Amino acid sequence: AAASPAAAAPAPTESKPADAAPGRSREKPVLATFLGTRLLNGEGSEKETRHVEFDLADAGIDYHPGDSFGIVPTNDPDLADAIVRHLGCDADSQVGDGNGHSRTLRDALIEDFALSPAPDALFELLATLSSDAAVRAKLDGMAQGEDADGDLDSLDVLAALEKFPGLVPAPRALLGALDLLQPRLYSISSSPKATPGKLHLTVDIVRWRFGERVRKGVASTFLADRLQPGSRVPVYVQASHSFGLPNDAATPIIMVGPGTGVAPF
């Protein structure tokens with residue numbers, strides 16, 4: 001069976017944040033304990049698929065087969081550091097986090113803002129910094145989805161900044177053009193009956209080389225590389241209201257395996 005990618009489960013309608021209990025919506029995550037990962041692939045495999053375990057004992061949440069597990073990840077610190085170096089400023093410069101709080105530029109890039117893909121607003125910002133009409137027109141076109149160079153889909157924030165090295169925005173202006181970092185949803189691949197108090201995921205770790213850089217999936221490498229066993233991670237369970245087995249075990253069913261994950265059905 002295929003490993004569970006981020007947002008692999010169907011997207012049921014979540015409860016309104018004001019009504020949802022803690023740990024039941026992205027607006028109200030709770031802390032769960034990360035227990036670690038185990039590599040599932042054999043030596044020489046081109047894929048890196050990991051069994052991932054969480055302890056929910058102190059989180060106050062449970063789940064049912066078919067539910068999804070939301071994880072609030074952080075970005076790769078090396079990527080944040082590369083952006084800071086490109087800006088030529090102090091990593092400890094005080095900036096906003098998008099929610100009205102002050103924090104360092106480095107922390108904001110790691111914890112608060114999405115660094116991939118490059119958003120349209122970033123191209124619009126870079127256009128305002130250029131005195132070259134042709135460059136401004138190109139950037140305005142990129143903000144509208146035009147791909148004159150055939151590389152638009154490959155541009156994350158760092159790559160977009162490096163593509164126009166003479167256009168260096170101020171840190172606060174850059175952050176104002178970025179999207180907020182979003183949680184990632186994974187299909188749950190364990191059964192609460194088999195492993196009570198524990199939750200398992202099966203995750204493909206995303207890494208690929210583009211040019212001279214190794215690109216990394218935000219949440220998958222967060223789980224594989226940056227978390228230590230015992231770490232407390234903001235998480236939530238998103239209930240599936242129509243993706244499960246019928247209550248009556250005598251009800252005939254048809255099971256379809258679309259390759260969206262491992263589930264305990």
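**Burial, cores and pockets in a predicted model**

Colleague: Why is G36 counted as buried?

Modeller: G36 is buried because its relative accessible area is 13%. Buried means under 20% relative accessible area, exposed over 50%, and partly exposed in between, with a 1.4 Å probe and protein chains only. This is a predicted model, in which local features need pLDDT of at least 70 and side-chain atom pairs count only at pLDDT 80 or more, while totals for chains, interfaces and linings use all residues. Residues are numbered from 1 along each chain as its sequence is written, and side-chain values use heavy atoms, with hydrogens and water left out.

Colleague: Where is G36 found, and which residues does G36 touch?

Modeller: G36 is found in strand β1, residues 30-39. Helices (H or I, at least four residues) and strands (E, at least two) are DSSP runs, numbered from the N terminus. Leaving out residues up to four places away in sequence, G36 touches H51, V52, E53 and P229, a contact being heavy atoms within 4.5 Å. G36 and G230 are 194 residues apart in sequence, yet their C-alpha atoms are 8.0 Å apart in space.

Colleague: How should I read the chain as a whole?

Modeller: The chain has seven helices and 10 strands, and 42% of its 265 residues are buried. Among contacts between residues at least 6 apart in sequence, 69% join residues at least 24 apart.

Colleague: Which residues touch the most other members of the largest nonpolar core?

Modeller: In soluble globular proteins, nonpolar side chains tend to be buried together. A nonpolar core is a set of buried Ala, Val, Leu, Ile, Met, Phe, Trp, Tyr and Cys residues joined through side-chain atoms within 4.5 Å. The largest one here has 35 residues, and I83, L109, L122, F123, L139, L175 and L178 touch the most other members. Two or more residues come from each of α1 (77-87), α2 (105-111), α3 (120-129), α4 (133-143), α5 (157-163) and α6 (171-177), with α1 giving the most, six. Apart from this core lies another, of 25 residues, among them A59, A219, F222 and V235.

Colleague: Which residues of α3 are buried, and what covers them?

Modeller: L122, F123, L125, L126 and A127 are buried in α3, and their cover includes α4, α5 and α6. Leaving out residues up to four places away in sequence, F123 touches A118, L139, M142, A143, L152, L155 and A160.

Colleague: What lines the largest pocket?

Modeller: On a 1 Å grid over the protein atoms alone, a pocket is an open set of points with protein on both sides within 12 Å along at least five of seven lines, whereas a cavity is a set where a 1.4 Å probe fits but cannot get out; lining residues have an atom within 4 Å of a point. The largest pocket is lined by 30 residues, of which W208, R215, K216, G217 and V218 lie nearest its centre. α7 (218-226) is among the elements that give two or more residues to this lining, and α7 gives the most, with five. By class, the lining has 13 nonpolar, seven polar and 10 charged residues; Ala, Val, Leu, Ile, Met, Phe, Trp, Tyr, Cys and Pro count as nonpolar, Asp, Glu, Lys and Arg as charged, and the others, Gly among them, as polar.

Colleague: Which residues line the largest cavity?

Modeller: The largest cavity is lined by K138, M142, E146, D147, A148, D149, D151 and K163. By class, this lining has two nonpolar, no polar and six charged residues.
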